[in-house]
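These are my notebook entries on a structure that I looked up.

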Amino acid sequence: MHKVIAIFFLCMCSIGFVYANTDDSDVGFVSRKIKQLAELLPMQQLPDCDTIVAVPQVIKNKSLIFTYNDRNEISHIGLSLFSDATKFLLDPSICNFLERYLLELVLQEDNRAVERKLAEYHITLLFDGKPFGSSNLLSLGNILEQMDMPVKFSLRHQDKRAEASWRFGRHTLNMSFPLYRELIDGTDKKESDDNVYHQLQTAVFDSVTVTDEPVDGKNLQPLKEGRIWVSKGEVFLVQPLSSDRYYVKSGSNYRPVFQKEYPEYSANNLFLTYRNGKNKSLLITHRKYGRFTPEITIPLLNFLQCFSDEFVTYCHTGHNSKGELETIVVFSHTKLNYIHLLRVAIDEQQLFAANPVLKADFYSNIPQQYIRTLLQ
């Protein structure tokens with residue numbers, strides 16, 4: 001079933017042409033895709049800060065947006081189609097993809113080249129209900145130039161695809177596209193791993209304040225003769241990897257299990273709840289692309305917060321061949337078909353120590369179908 005996320009009136013703005021005083025050779029890019037896009041632009045120099053600029057040689061009546069990240073790299077180039085507020089309400093990654101990809105199409109030499117680019121990424125583009133192609137009298141740039149206010153925009157998701165729709169005047173433009181990380185983020189495995197590692201480095205110094213949601217006893221099921229209660233979650237691909245959380249009753253309330261009598265439940269809860277994560281740290285070996293394995297120490301709650309918004313967390317704890325507790329934590333992206341996986345070997349005594357540092361291997365940006373192999 002299609003789910004309408006939001007409909008907004010979008011303001012397309014144009015401002016004066018802005019050039020940087022810095023030579024382009026000094027400009028860094030977050031990905032090869034962004035660099036290739038920049039090289040196609042008819043600009044003598046690129047802006048050196050977050051900017052919206054008019055480039056009429058590319059498209060009239062629209063502007064281009066340039067965004068930098070905290071490493072002073074250009075992280076986004078595209079047609080300026082959404083305000084920051086609209087991106088936040090919809091989905092920043094998908095909005096940036098639409099801006100970037102439409103610019104890439106506009107920069108193609110003709111409609112046949114646009115058709116090839118659409119086929120390359122399994123994307124369907126309809127103008128007024130008809131497939132866009134070489135038979136069109138208008139170029140995509142001509143169509144987008146007609147997209148004046150008011151513009152009515154909607155974004156729908158269905159399984160592993162999404163559809164963006166613009167309604168302006170008597171016209172409609174619809175784009176149906178697959179939801180996978182490489183397309184939406186525009187990064188390869190190495191670039192994505194580098195971005196995640198930088199995110200962890202930055203998160204080490206964050207001030208984190210997280211709390212667990214209140215638990216309603218009506219939603220709990222008894223285990224262990226009523227001493228342990230479980231809030232049933234979802235199963236992820238294989239049993240018993242799930243988002244189940246475990247509780248004990250304390251007066252009239254319930255608190256997450258974290259006690260020596262129940263080490264497996266306690267280890268699971270450590271990654272699915274926040275109550276017992278304070279003063280605990282992870283020593284992570286990041287298994288990045290190309291067998292590069294940097295290490296980083298990060299407070300547990302800071303690590304969990306990195307993946308609290310766009311991911312669902314699943315856990316399983318058992319004993320490995322050495323008799324140690326081993327917890328598998330999967331962070332599954334809510335829209336795109338990939339996961340991050342954390343494998344933590346835990347000595348039971350260390351688990352309940354005052355300020356433990358838990359050793360873990362971290363595998364980032366993994367396709368979901370690899371989960372069965374990794375868990376063997």
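**Entry 1**

I took strands (E, at least two residues) and helices (H or I, at least four) as DSSP runs, numbered from the N terminus. The model is predicted, so I kept in mind that local features need pLDDT of at least 70 and side-chain atom pairs pLDDT 80 or more, while totals for chains, interfaces and linings use all residues. Residues are numbered from 1 along each chain as its sequence is written, and side-chain values use heavy atoms, with hydrogens and water left out.

I then looked up strand 19 (residues 338–346), which pairs with strand 20 in the antiparallel sense over six bridges; two strands pair if DSSP finds at least two bridges between them. Strand 15 (residues 281–286) runs parallel to strand 20 (residues 357–367), and six bridges join the two. Here I found His 286 opposite Phe 362 of strand 20.

I read the strand order of an open, four-stranded sheet as 2-5-4-3, with mixed pairing. Its edge strands, which pair on one side only, are strand 2 (28–29) and strand 3 (51–54). Strand 4 (residues 63–68) and strand 5 (residues 73–79) run antiparallel and are joined by five bridges. I found that Thr 67 has His 76 of strand 5 as its bridge partner.

Helix 3 (residues 92–106) packs on the sheet and touches strand 4 and strand 5, where contact means heavy atoms within 4.5 Å. Its direction makes about 70 degrees with that of strand 5; axes are lines fitted to C-alpha atoms, for helices over the stretch in contact, and angles run from 0 to 180 degrees between N-to-C directions.

**Entry 1: Two helices**

At what angle do helix 1 and helix 3 pack? I noted about 40 degrees, with the axes 11 Å apart. That makes helix 1 oblique to helix 3 (under 35 degrees is roughly parallel, over 145 roughly antiparallel, 65 to 115 roughly perpendicular and the rest oblique). Lys 33, Ile 34 and Leu 37 of helix 1 meet Arg 100, Leu 103 and Glu 104 of helix 3 in this contact.

**Entry 2: An aromatic pair**

I found 17 aromatic pairs in the structure. The ring centres of Phe 153 and Trp 166 are 5.2 Å apart and the planes stand at 55 degrees, so this pair is tilted. Rings of Phe, Tyr and Trp (its six-membered ring) pair if their centres lie within 6.5 Å; planes under 30 degrees apart count as stacked, over 60 as edge-to-face and the rest as tilted.
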